[in-house]
Amino acid sequence: MQVTDTILMIRPVNFRMNEQTAVNNYFQEQPNLSETEINAKAQQEFDGFVDKLREHGVRVIVVDDTKEPNTPDSIFPNNWVSFHDSGTVGVYPMFAENRRKERREDIFEILEQEGFAIHNVMDYTAAEEEGVFLEGTGSILKDRVNQKAYCALSERAHEELFIEFCEDFDCFPVIFHANQTVNGERLPIYHTNVMMAMAETFAVICLDTIDDKKERKYVVEHLKQDGREIIDITEEQMYQFAGNMLQVIGGDDQRYMVMSSAAYHSLRPDQIKAIEKHCPIIHSSLNTIETCGGGSARCMMAEVFLPKSIKK
């Protein structure tokens with residue numbers, strides 16, 4: 001299955017702009033609000049988003065963040081963990097030191113209580129000691145049906161570790177570079193899932209960020225080879241998080257493409273039509289989370305593909 005009906009989300013208690021991630025996440029901005037106001041707005045946006053997903057029949061498992069340790073980016077769990085249909089959990093090395101504190105074993109226990117089976121944990125976190133990082137499904141976009149994984153290399157996505165992941169999870173690696181313009185300079189985009197989203201029958205991607213024409217052609221060939229329609233977005237739309245989408249399964253096995261309202265309103269009518277040809281869209285306002293966190297709807301959702309546990 002490329003998509004799941006179950007999502008893990010972490011409700012924030014200390015959300016704010018994380019100065020440790022801002023060094024290479026060029027989407028982050030500091031609003032003129034107190035930290036208390038920022039967290040309150042983020043909680044409001046989070047709750048509204050969860051309600052919207054549940055209204056459409058998506059199973060959302062919400063876990064509250066803890067006051068200590070202080071983890072301003074805990075709202076983005078997809079970077080430190082991934083849950084696979086083999087019963088394996090992936091745990092990943094994080095670039096920012098304060099993000100490493102987001103990793104919580106009690107979340108595995110909560111998922112087991114929710115009826116899921118965990119057979120194995122693949123822990124890559126020792127790579128942090130070498131200054132090597134691979135930030136989960138932020139860095140890695142899996143084509144689960146065709147056993148491929150796409151990765152835009154950056155400080156948060158190390159090539160050798162990505163290849164190791166692909167060997168461990170039996171995926172073919174599709175490696176490329178994606179850049180954005182920062183003060184007139186082309187610099188790596190911090191996460192693949194900001195410029196690309198993988199759905200069952202289509203992919204949303206900002207091809208303009210892949211400056212190398214051979215690499216761009218290579219990525220396009222893989223997507224077309226696997227029968228996916230390519231919906232190309234502009235860099236301006238990417239800055240509104242139009243690449244940060246996730247397809248999920250709701251009630252009656254209905255697929256939905258989930259995104260923020262900023263992403264939705266940045267899309268042209270023809271792009272919306274192209275997506276809706278495949279599935280309806282769900283969008284929710286995430287302005288504070290996007291501004292301070294530099295991440296959006298997809299980053300907030302950790303997909304749960306784990307098998308159901310067999311009750312004796």
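**Charges and core in a predicted model**

E112 is partly exposed, with a relative accessible area of 40%, and I begin with this residue, which sits in helix α2, spanning residues 106-113. Please keep in mind throughout that what we are looking at is a predicted model. E112 also belongs to a negative surface patch, and the other residues that form this patch are E105, E109 and D123.

How many salt bridges does a search of the whole structure find? The search finds 16, and I will go through some of them one by one.

In one of these, the side chains of R156 and E135 meet, with a distance of 3.3 Å from N to O. This pair links distant parts of the chain, since R156 lies in the loop between β7 (148-152) and α4 (159-168), while E135 lies in the loop between β5 (120-123) and α3 (136-139), and the two are 21 residues apart. Are these two residues buried or exposed? R156 counts as buried because its relative accessibility is 2%, and E135 counts as buried because its own value is 0%.

A second bridge is the one between the side chains of K148 and D226, where N and O are 2.8 Å apart. Here too the pair links distant parts of the chain, with K148 in strand β7 and D226 in the loop between α5 (213-225) and β13 (229-232), 78 residues apart. K148 has a relative accessible area of 6%, and is therefore buried.

The bridge between R255 and D253, whose closest N and O atoms are 3.1 Å apart, joins two residues that I would ask you to compare on the structure. R255 has a relative accessible area of 15%, so R255 is buried, the cut-off being under 20%. D253, on the other hand, reaches 53% and is therefore exposed, the cut-off there being over 50%.

Which residues have the most contacts inside the largest nonpolar core? They are M195, M257 and I275, in a core that has 38 residues. Several elements each supply at least two residues of this core, namely the strands β7, β8 (172-176), β11 (196-198), β12 (202-205) and β15 (255-260), together with the helices α5 and α8 (269-276). The largest share comes from β12, which contributes 4 residues.

Key:
Residues numbered from 1 in each chain as written. Predicted model: local features only at pLDDT ≥ 70, side-chain atom pairs only at ≥ 80, totals over all residues. Heavy atoms only, no water. Salt bridge = Lys/Arg side-chain N within 4 Å of Asp/Glu carboxyl O. Buried < 20%, exposed > 50% of the residue type's maximum accessible area, 1.4 Å probe, protein only. Patch = residues over 30% accessible without salt bridge, like charges linked within 9 Å, V, L, I, M, F, W, Y side chains within 5 Å. Areas by Shrake-Rupley, 256 points an atom, 1.4 Å probe, with all protein chains shown as cover. Lys, Arg positive; Asp, Glu negative; His and termini not counted. Charge placed at Lys NZ, Arg CZ, Asp CG, Glu CD. Core = buried A, V, L, I, M, F, W, Y, C linked by side-chain atoms within 4.5 Å.
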